Amino acid sequence: MNSSSDRLFGRRRTIHELLGAGFIADIILWRRQNLTSGLLLVTFAVWVVFEKSGYTLLSLVSSVLLLLVVIFFVWAKSASILNRPPPPLPELHISEEVMNEAAAIIRSRVNAFCSVSLDIALGKNSDLFFKVAGALLLLSIIGGWTDFLTLGYTSLFLVLTVPALYEKYENQIDRYAMIGCRSLQRLYTKLDMKCFSTIRELVLEIKKLD
């Protein structure tokens, strides 16, 4: 096994461990191929339906619900006339415990988001501010190129392919990435010696003259 110095960013853990080593990591890294391929196919079908058919989310949901309501209504009426059993629908009921758990989870997430937003607004966390600002700027630029649905499908496709490909060709990618990083370091050293040092000397000379 390669040492951490031969890995990208000097990491010691595997990709599976970095992704949490759980159910989500298994899906992202194709450890559960049926689920991952099914997720890609379903999201691709949804993208095609919305992008090519002209449906919007509201119109599609309304059409599906209307179709289901009509089917069950006709089924129930026909069953009562023909003395047949009604549609085998389960009892639709959400327990109070489930609602309390969901409300507690939502409350904790909202409180955490509000706390972070307050720290950013009051200038208490400059690093987080620049990260959030950079991410929002990047989303704004990407959003100008494509719509939200295409962006969501493309992002999901990248999440389900890039980590798996990296894990499969990890040694080769790390080797070439380290070679590229060392080349950039040597280039920076040369630029620093030739250009940046000259600029610094000029600045010092100007300060002396002043």
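## A walk through a predicted helical chain

Tyr 153 is buried, because its relative accessible area is 19%, and the term buried means under 20% relative accessible area, while exposed means over 50% and partly exposed covers what lies in between (1.4 Å probe, protein chains only). The model is a predicted one, in which local features need pLDDT of at least 70, side-chain atom pairs count only at pLDDT 80 or more, and totals for chains, interfaces and linings use all residues. Residues are numbered from 1 along each chain as its sequence is written, and side-chain values use heavy atoms, with hydrogens and water left out.

From Tyr 153 we can turn to aromatic rings. Rings of Phe, Tyr and Trp (for Trp the six-membered ring) pair if their centres lie within 6.5 Å, and the planes count as stacked when under 30 degrees apart, as edge-to-face when over 60, and as tilted otherwise. By this rule there are 5 aromatic pairs. One of them joins Phe 44 and Tyr 153, a tilted pair with 6.0 Å from centre to centre and 50° between the planes. This pair links distant parts of the chain, since Phe 44 belongs to helix α3 (residues 33-53) and Tyr 153 to helix α7, 109 residues apart. Phe 44 counts as partly exposed, because its relative accessibility is 40%. The rings of Phe 129 and Phe 130 form an edge-to-face pair, because their planes stand at 65°, with the centres 5.2 Å apart. Within that pair, Phe 129 is partly exposed at 38% relative accessible area, whereas Phe 130 is exposed at 57%. Ring pairs also link Phe 44, Trp 47 and Tyr 153 into a cluster.

Helix α7 (residues 148-168) also holds Thr 161, which is buried, with a relative accessible area of 16%. A polar atom of the side chain of Thr 161 lies 2.6 Å from the backbone oxygen of Phe 157. The C-alpha atoms of Thr 161 and Ser 95 are separated by 38 Å, and the two residues are 66 apart along the chain.

The helices themselves come next. Helices (H or I, at least four residues) and strands (E, at least two) are DSSP runs, numbered from the N terminus. The protein chain has 8 helices and 0 strands. An unreviewed UniProt entry annotates residues 34-50 and 56-76 as "transmembrane region"; such positions are given in the numbering used here, feature names are shortened, and annotations may be inferred rather than shown by experiment. Residues 34-50 are 100% helix and 0% strand, with end C-alpha atoms 24 Å apart, while residues 56-76 are 95% helix and 0% strand, with their end C-alpha atoms 30 Å apart. The expected span of a helix is 1.5 Å times one less than its number of residues, and therefore the 25 residues of helix α4 (residues 57-81) should span 36 Å, which agrees with the 36 Å between its end C-alpha atoms. Just after α4, Asn 83 takes a positive phi of about 55°.

Finally, we can look at the whole chain. The C-alpha trace spans about 100 × 45 × 40 Å along its principal axes. The radius of gyration of the protein chain is 28 Å, whereas a compact globule of 210 residues would have one near 17 Å; this radius is taken over C-alpha atoms, and the globule rule is 2.2 Å times the number of residues to the power 0.38. Of the 210 residues, 14% count as buried.

Definitions and conventions: Polar contact = N/O pair within 3.5 Å; in protein donor to acceptor, adjacent residues only side chain to side chain.
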